[in-house]
Amino acid sequence: GKAMLDEGHKLTIGGNSMIGAAIANRKGCIALDVGKEPVHFKNPHLPQTRSEMALPLITAFTVIGALTVQSEQEAAFKEEDITALQTMADQLAVAINNARLHEENKVLLDQAERNARLLKAANDVGKEVTSVLELDQLLPQMVDTIVDAYGFYYAGIFLVDENGEWAILKAGHGPAGEAMLADGHKLIVGGDSMIGACIQQN
């Protein structure tokens, strides 16, 4: 199982495998002797398989996958086994669906909490910088406040020159910002940079 997971093992739905057939047909199937079955995937990781049962995982009228159980013995499964194990497969499908919904809700909740934090930080940043009138003081304070408030790695502020050709770095956070300021870092408006592109597009 681990080897197949590492390989990203997958089977075509409706293809030459019992899993694919169970999903496509929405019903369980049994191979009492896999060597005689026209629809069976010969898995090199499971060379001892003689019998196999495949059961669809169905929830809310949707097939989300299938369960396979395999035996080294010929004719290890009976038709009544499908009924018993399908009940378990149905419960498993519900559990999988619930887990997926939980993960989706958790992602949405995390995003909502993050948005709330960002809005609060934006409000705090706005209050802090609106009282600063000197540009040389405002811009460095702004990049540092943004990095601290949002937890970003870096922030920089570019201003467009009077000819509208270059975006010139006027403030940058940390040692990297200081180094770029010392180098007179600038980017051409509309050039091959995100700064140049966003200025041109707006």
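**A tour of the chain**

From the N terminus on, the elements run α-α-β-β-β-α-α-β-β-α-β-α. The model you have open is predicted. Colour it by secondary structure and follow the chain along: there are six helices and six strands to find.

Next, select the whole chain and zoom out. Its radius of gyration is 30 Å, well over the 17 Å that the globule rule gives for 202 residues, so the chain is more spread out than a compact globule.

Now show the surface. Of the 202 residues, 25% count as buried.

Colour the charged side chains. There are 16 positive and 27 negative ones, and the centres of the two sets lie 9 Å apart.

Then select Phe 41. Is Phe 41 buried, partly exposed or exposed? Its relative accessibility is 34%, so Phe 41 counts as partly exposed, since that class covers values between 20% and 50%.

Show the surroundings of Phe 41. Leaving aside residues up to four places away in sequence, Phe 41 touches His 9, Leu 11, Asn 16 and Ser 17.

Phe 41 and Ser 193 are 152 residues apart along the chain, and their C-alpha atoms are separated by 50 Å.

Notes:
Residues are numbered from 1 along each chain as its sequence is written. This is a predicted model: local features need pLDDT of at least 70, side-chain atom pairs count only at pLDDT 80 or more; totals for chains, interfaces and linings use all residues. Side-chain values use heavy atoms; hydrogens and water are left out. Helices (H or I, at least four residues) and strands (E, at least two) are DSSP runs, numbered from the N terminus. The radius of gyration is taken over C-alpha atoms; the globule rule is 2.2 Å times the number of residues to the power 0.38. Buried means under 20% relative accessible area, exposed over 50%, partly exposed in between (1.4 Å probe, protein chains only). Lys and Arg count as positive and Asp and Glu as negative; His and the chain ends are not counted. The place of a charge is taken as NZ of Lys, CZ of Arg, CG of Asp or CD of Glu. Contact means heavy atoms within 4.5 Å.
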